[in-house]
Amino acid sequence: MANLINVERVTVGYGTRTLLDGVSLGMDEGDAIGVVGRNGDGKSTLLQVLTRTREPDSGRVTHTSGLSVGYLRQSDDFAAGSTVRQVIVGGRPDHIWAAEPDTRTVVEHLLSEVDLDTDVADLSGGERRRVALAAVLLAKHDVLVLDEPTNHLDVEVIGWLARHLAGRRSQALVVVSHDRWFLDAVTTRTWEVHDGTIDAYDGGYAAYVLARAERMRLAAGAEARRQNLMRKELAWLRRGPPARTSKPKFRIQAANELIANEPPPRDSLVLQRFATTRLGKDVFDLHRLRLEVGDRTILDKIDWSIGPGARIGLVGVNGTGKTSVLRLLAGELPPAAGTIKRGATLKIGYLSQALGELSGGDRVIDAVENRRRVSHLAGGREISADTLLKDFGFTGDKLTARIADLSGGERRRLQFLRILLDEPNVLLLDEPTNDLDIDTLTVIEDYLDDWPGTLIVVTHDRYFLERVTDVTYALTGSGRCDLLPGGIEQYLAERVAAETPSSTTQPQRGESASARERRTSKELARIENQLAKLEDRIAALHQKMAEAAADHVRLGELNTELNELLARKESLEEAWLAAADD
């Protein structure tokens, strides 16, 4: 296989820090490489070196003769006065570029709502990002180098992009992304950037998690907290939704041995009991509620009761009003009709997409310690501000840095940390994964595992959504908010079905449409009844596992039983989807 890019003993510094220290690596034809690491450790710098848009301080970078490299940066730089049409298809008229299937599918999925004759300067930030991505995908490069390509994309478009890239194996790919589902869907190798070096792993994100956890296990006692986090995430990858269990490219036996005694990420029963203690029986109760924003109807005659300990994911294409629903719950938007009742003891922590509430003149340590020095989690466990600062990556000089000097990812981390210290009993999180690296996301997930309260999350990060929530709702854009027993998979399937005419909607021979509908409703009700009973058994089993935490033999037996129940649950959910599509 031909070598395309070669990096020899490259060193790159930034200020007093060395981001890359004598790094050597190579990229071959057909490679699909995911790049991971903490914010500020040099991921984007590595991409600049690979694309030769930044010269190293020492060392050499070589490209094979005639190599064409497409580079999607985090910031866009279009020529003044350029239209979308000029940027993506060289100004060609619709009847010419639309005759090319590949060009047509990229434009349809990324720019369906954008007028191609619009000046790029007049577009929103998200639209500009999509234009830049479309331009890179359509330019027929030999190598694609993508820096956070899923930013500003909803979960549906991310799924399409993953399929699109996975189907173009003739192109080599290097991608930096905090979206772990996306990395696992498109990459076959992983580079971890840390401490000036790059560690290489075979396989996508799931394989990287296993290999990294194995290395930590062999280095007995080293980095104990990070080791625990990785084991917990590995357990999630092996036991989670179908997308997690079918994709990993690692040795199943080794993975099972590594997590044999690892309990589920959280004890839902214990957390719900603590949530009820803190919140009472009422959290949010919406009755015949109508929510309007401008001339759009977000919710129409909605009845929705959200109880203590609920962990809800909210999905929908961009523009359906997910942020508006969070603002409604937070009390920032009034309903146009109907009522919303909030519990008397609610203390809401609202993580918005804006960073404006952080004062630029404050120092990090003062912004935290002036808030609260100790916070409490489930079971009375105390977390000090110092521990939170360390876990969220604020050590050394970062403790005394002014907020104005922090990066977007660091400000996001600080924003979330301060909300945790306030001890809210309701968390409303709007795109919490924006600008965060994977290590920080695992820390946040770990804290949410022990956080007792009601959680509602809006995110395009499919992995994070599946990891921290128990139930998913979808905003349809027509005023409805629909429960999705099948989670993200059901949402994507229904989106495809809604856009694809199908003969399966026709009645069976000799069966009226109303009879068919009654038959389908009866079958769905039967499956839902079985799922409800199965959820009760799973919850009871979690309680038994918590009580047997010190008995490893018994815990192993219970874990085997749990896996069987989870497999049965997955089968029932697939049956529900099949019946719903009938």
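**View A. Aspartate 94 counts as partly exposed because its relative accessibility is 40%.** Arginine 85, at 11% relative accessibility, counts as buried. In these legends, buried means under 20% relative accessible area, exposed means over 50%, and partly exposed lies in between, with a 1.4 Å probe and protein chains only. The side chains of arginine 85 and aspartate 94 meet in a salt bridge, with 2.8 Å from N to O. A salt bridge is a side-chain nitrogen of Lys or Arg within 4 Å of a carboxyl oxygen of Asp or Glu. Side chains of opposite charge can pair when their charged atoms come close. The model is predicted, so local features need pLDDT of at least 70 and side-chain atom pairs count only at pLDDT 80 or more, while totals for chains, interfaces and linings use all residues. Residues are numbered from 1 along each chain as its sequence is written, and side-chain values use heavy atoms, with hydrogens and water left out.

**View B. A salt bridge joins glutamate 192 to arginine 212.** The closest N and O atoms of glutamate 192 and arginine 212 are 3.5 Å apart. Glutamate 192 belongs to strand E8 (residues 189-194) and arginine 212 to helix H8 (residues 205-218), so this pair ties together parts that are 20 residues apart in sequence. Helices (H or I, at least four residues) and strands (E, at least two) are DSSP runs, numbered from the N terminus. Both glutamate 192 and arginine 212 are buried.

**View C. Arginine 467 and aspartate 449 form a salt bridge.** Their closest N and O atoms lie 2.9 Å apart. Because arginine 467 is in helix H18 (residues 462-468) and aspartate 449 is in helix H17 (residues 438-449), the pair ties together parts that are 18 residues apart in sequence. Arginine 467 is buried, as is aspartate 449. Elsewhere, salt bridges that share partners join Arg85, Asp94 and Asp117 into one network. Over the whole structure, a search finds 19 salt bridges.

**View D. Helix H4 (residues 101-110) packs against helix H5 (residues 125-138) at an angle of about 165°.** The axes of H4 and H5 are 10 Å apart. H4 is therefore roughly antiparallel to H5. Axes are lines fitted to C-alpha atoms, for helices over the stretch in contact, and angles run from 0 to 180 degrees between N-to-C directions. Angles under 35 degrees count as roughly parallel, over 145 as roughly antiparallel, 65 to 115 as roughly perpendicular and the rest as oblique. The crossing of H4 past H5 is right-handed. A crossing is right-handed if the near helix is turned clockwise from the far one by less than a right angle, and left-handed if anticlockwise. From H4, the contact is made by Asp102, Thr103, Val106, Val107, His109 and Leu110; from H5, Arg130, Leu133, Ala134, Leu137 and Leu138 take part. Contact means heavy atoms within 4.5 Å. Seven residues of this contact of H4 with H5 are nonpolar, two are polar and two are charged. Here Ala, Val, Leu, Ile, Met, Phe, Trp, Tyr, Cys and Pro count as nonpolar, Asp, Glu, Lys and Arg as charged, and the others, Gly among them, as polar.

**View E. H4 also packs with helix H6 (residues 155-166), at an angle of about 160°.** The axes of H4 and H6 are 10 Å apart. H4 is therefore roughly antiparallel to H6. H4 passes H6 in a left-handed crossing. On H4, Asp102, Thr105, Val106, His109 and Leu110 meet Val157, Trp160 and His164 on H6. The residues of this contact of H4 with H6 comprise four nonpolar, three polar and one charged.

**View F. The axes of H5 and H6 cross at roughly 15°.** These axes come within 13 Å. H5 and H6 are therefore roughly parallel to each other. The crossing of H5 past H6 is left-handed. In this contact, Arg130, Leu133 and Leu137 of H5 meet Val157, Trp160, Leu161, His164 and Leu165 of H6. Of the residues in the contact of H5 with H6, six are nonpolar, one is polar and one is charged.

**View G. Glycine 30 lies in the loop between strand E2 (17-28) and strand E3 (32-36).** At 28% relative accessibility, glycine 30 counts as partly exposed. Apart from its neighbours within four places in sequence, glycine 30 is in contact with Arg169, Gln171 and Ala172. Glycine 30 and glutamine 171 are 141 residues apart along the chain, yet their C-alpha atoms are separated by 5.8 Å.
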